Every structure is written in C-alpha cells, then in structure tokens.
Amino acid sequence: MQVSIFDNIQPTDPNSGMHVREGGANREIRVLFKDDAPDGFNFWLARTVQNDEGDDAFQSPRHKHTFQQIKFAERGEIDVSPGLNIAQGEMGYFPKGAYYGPQKREKGLVSIVCQYGFNGEHQRGEYWESRRADALQRLKSRGVIENGLFVERDEKTGETRVRDAVDALYDERHQMLKGKPLKIPAPMYEAPILLHPANAEYFAVSEGVRMKHLGRFFDQPGPHGDVGISMVQINGGTLELAADRPQIAWTLDDGLVADGQACSSASAIYCPRGEAGTLSSDGMIELYLVEFPRLD
C-alpha cells in the first residue's frame, strides 16, 4: 500500500511547456499517485488548486475522452457543462465517450481528480509521457493547436478536421507506440453523472466501520469491469481492503492509519491489485473509496 500526504507533495506541472488547453498557468497540481500496471491498468490521482481567473482561467472546449474520470469538489464548484456543476463536497463520474464542457475553472477551486483506463485509453507514466513532446511536434507539423482544439487541413482534399487537442494527442501517441489509431468509443452513459453523497445513508460493515455506496458503473467489459465509488466512516474500527482489484482512498480528516502507518490530515492511499491492506482510525473519520475495474 502506498500513502501520500497532500501537503508533503510538491506542486508540479506534469505538462510544463507542452500544454494543449487554454489558461490555468498558475494552478498548483499535486500528483498523489500514478501507475501503468502490468495488466494494462493506467491511472493517476491529482489534487489541483486553481489560481487564475477571468481570461487567464483554465478552459476547455466541449469534448470527450477514451478514459474514465472521477472528480471531487473539495472547495468551490466544478463546472461540468453550462448550467451543470459539481457542488462542494460532491462528486461526479465521467464515462468514457460521453461529451461534457465547455468548462472554465476559476480561482479558488480545489478539486481531486482521478483519471483511468486500460491499454492506452489513459496515458500516464514514463512509457507514455516521455513521448508527449514528439507527439506534439508531429501534430504541429500537420496543423495548429488553438482554443483547446487541434485543427488539421488535409492537403489532398482541402478539408479541415477539428478535434479536441487532448484526443488528438492521445491518438498520436497511441499510433506512435501501438501502431494503430485510438478511437473514442460510443458512450455507455450519455453524460457525466453527478453524485450527492449527503443523500445516501450509511450501513454497518463491521465494528466501528460504516459505508454508503454512491455508484457502480460498467464502462469496461467483462464480469469485473465495474468501478465502485463509496464513502466509508471509521470510528475505532478497521476496513479490510481485498487484493483482487486496485483501490484508492482519500480523506480530508486527521487520524487515518494505513497498514499501521499514522497519516496526517488530507491524505490518500493506493492499494495496487495483488496487495491487501487495512485502513483504521481511533477516532471518527470519513474517507472516499474507489474500487477500480479489472479486465479478467
């Protein structure tokens, strides 16, 4: 089990000098975890503080992705699409292939975001990120990136093709490394799904442990292709994490103990597939738990 304390992670810009979105130059990104696992599972968990506003704020066009996302509004509201926001303390599940946006992230927003996929759907880790610069250069040799979009003109037909710049970058890298295009699938779910945790009720799991399920979604194939999102309340008890799936959890409270290691407030854990673990606390804490899919 890996433990990450939010305040101990140095802010970084993982795409420094290679952005394809507009604005947000001064945002603080703390990458808590990322993995490119042997079974094809690829994810990252990051906490972002937005420090820009107005014309300088981070923006993205209406778009969709090959990967799945879970977003939590720690402070402020996350805009999903015009008129649709994730309220502070609430969450959203973003299916692969489903459109959302345009978006604008103003100063003061603090969010925790998990993105994940399999076999190139999501592209974090050295294998993928070391090719970002080359992929961008290839795109810019054929077109331009502006307003979060990649605009490419076919010299033979004269037709102009416009794509989301992130989609174009992912596709370009996939073709470089896998030798074939990366297609965004038709959505299993039509749009992002907003979750209201306060409206769910806890049930007892074991002595000193209660849970409430917030959602289970089936964007991956097979009998274990579902992702589960829950909240857990621990008060003197112990939550057992099984080894059959990768899992992440985070809490804004103080008092989490992960496999016997005391964690300060605002901490997260990653329990990879094949590893079991325990989460406990002497006092009352609440945490958010994600059980990822597996393909076998």
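Tutor: Let's start with tyrosine 127, which is partly exposed at a relative accessible area of 33%. Here, buried means under 20% relative accessible area, exposed over 50%, and partly exposed in between (1.4 Å probe, protein chains only). Tryptophan 128, at 3% relative accessibility, counts as buried. Keep in mind that this is a predicted model, where local features need pLDDT of at least 70, side-chain atom pairs count only at pLDDT 80 or more, and totals for chains, interfaces and linings use all residues. Residues are numbered from 1 along each chain as its sequence is written, and side-chain values use heavy atoms, leaving out hydrogens and water.

Now glutamate 129: you'll find it in helix H1 (residues 126-129). Helices (H or I, at least four residues) and strands (E, at least two) are DSSP runs, numbered from the N terminus. Glutamate 129 is buried too, with a relative accessible area of 18%. Leaving aside residues up to four places away in sequence, glutamate 129 touches Pro14, Lys34, Gln123, Arg124 and Arg173; a contact means heavy atoms within 4.5 Å.

The charged end of arginine 124 sits over the ring of tryptophan 44, 3.8 Å from its centre, while arginine 173 lies over the face of tyrosine 170, at 5.4 Å from the ring centre. For that, CZ of Arg (or NZ of Lys) must be within 6 Å of the ring centre and within 35 degrees of the ring normal.

Finally, H1 is among the elements that cover the buried residues of helix H2.
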